[in-house]
Amino acid sequence: MFLFNKDEDSPRIRQLRALSLFSTLSPRELKTVDGLLHERSFLKDEVIFDQGEEGQALYIIESGKVLICRQGQSADGRIAELSPGRLFGELALLDNSPRAAQARAAENCTLAVLFRADFLGLLETHAMIASKIALQLARHIGQRLRETVNAPGSQSE
């Protein structure tokens, strides 16, 4: 007789759990968030979003790699190359400010996308889940800011 674990997680749920943004969510809360994600595939060199474009969503890399770069530049304007399990575009959950850089598929990739409208809806329907994500987002942004300020060559007091 085989026993199946009803709560066996999908690969995407396991990937979400590993991200600091969702690390404080319970299994049930993770499944709620997973239900809001939209899967999108991009071909190598395809633009995911352009610099200056209004931010609409946060992206989680499920497979492949994504290049974050200055508009119209590839290797020269490289800011970061992100691998599976990383997220980007997270400020779009908070506001609709223009994107600071371009995101482009460095290779064929699959992304899980959380649109700001879905996140705002989550605030209405599951305020506790949304507040946990927002707190982790604030911590994530704070950490990135500290890393930027403390980076070699930066101006800090």
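Two strands pair if DSSP finds at least two bridges between them. Helices (H or I, at least four residues) and strands (E, at least two) are DSSP runs, numbered from the N terminus. The model shown in these views is predicted, with local features needing pLDDT of at least 70 and side-chain atom pairs pLDDT 80 or more, while totals for chains, interfaces and linings use all residues. Residues are numbered from 1 along each chain as its sequence is written, and side-chain values use heavy atoms, with hydrogens and water left out.

**View A. Strands S4 and S7 meet in an open sheet.**
S4 covers residues 66-69 and S7 residues 102-105. The two run antiparallel and are joined by four bridges. Cys69 faces Gln102 of S7 across the pairing. Axes here are lines fitted to C-alpha atoms (for helices, over the stretch in contact), and angles run from 0 to 180 degrees between N-to-C directions.

**View B. A second open sheet holds S1, S8, S3 and S6.**
The strand order is S1-S8-S3-S6, and the pairing is antiparallel. S1 and S6 are the edge strands; each has a single partner, so one of its sides has no neighbour in the sheet. S3 is joined to S8 by six bridges. S3 also pairs with S6, over two bridges and in the antiparallel sense. Tyr59 shows both pairings. It stands opposite Val113 in S8 and opposite Phe88 in S6. Six of the seven residues of S3 are buried (under 20% relative accessible area; exposed is over 50%, partly exposed in between; 1.4 Å probe, protein chains only). S3 is therefore largely enclosed by the rest of the structure. Helix H3 (residues 116-125) lies across S1, S3 and S8 and runs at about 45 degrees to S8.

**View C. Phe49, Tyr59 and Phe88 form one aromatic cluster.**
How many aromatic pairs does the structure hold? There are three. Rings of Phe, Tyr and Trp (its six-membered ring) pair if their centres lie within 6.5 Å; planes under 30 degrees apart count as stacked, over 60 as edge-to-face and the rest as tilted. Phe49 and Tyr59 make a tilted pair, 5.7 Å centre to centre with 40 degrees between the planes. Phe49 sits in S2 (residues 47-49) and Tyr59 in S3 (residues 57-63), so this pair ties together parts 10 residues apart in sequence. Phe49 and Tyr59 are both buried. Phe49 also pairs with Phe88: the centres are 6.0 Å apart and the planes stand at 40 degrees, so this pair is tilted. Phe88 belongs to S6 (residues 87-88) and Phe49 to S2, so the link spans parts 39 residues apart in sequence. Phe49 has 5% relative accessibility; Phe88 has 4% and also counts as buried.

**View D. Arg99 lies over the face of Phe49.**
Arg99 is placed at 3.9 Å from the ring centre. A charge sits over a ring if NZ of Lys or CZ of Arg is within 6 Å of the ring centre and within 35 degrees of the ring normal.

**View E. Helix H1 has a buried side and an exposed face.**
H1 covers residues 11-18, and its buried residues are Arg12, Ile13, Gln15 and Leu16. They span an arc of only 160 degrees around the axis, which puts them on the same side of H1. The arc is taken from the directions between the helix axis and the C-beta atoms. An α-helix has 3.6 residues a turn, so residues three or four places apart point the same way. The face turned away from the buried side carries the exposed Pro11 and Ala18. The buried residues pack against helix H2 (27-36) and strands S1 (38-42), S3 and S8 (109-115).

**View F. Glu62 is a buried residue of strand S3.**
Its relative accessible area is 19%. Which residues does Glu62 touch? Leaving out residues up to four places away in sequence, Glu62 touches Arg12, Gln15, Glu39, Pro84, Thr110, Leu111 and Ala112. Contact means heavy atoms within 4.5 Å.
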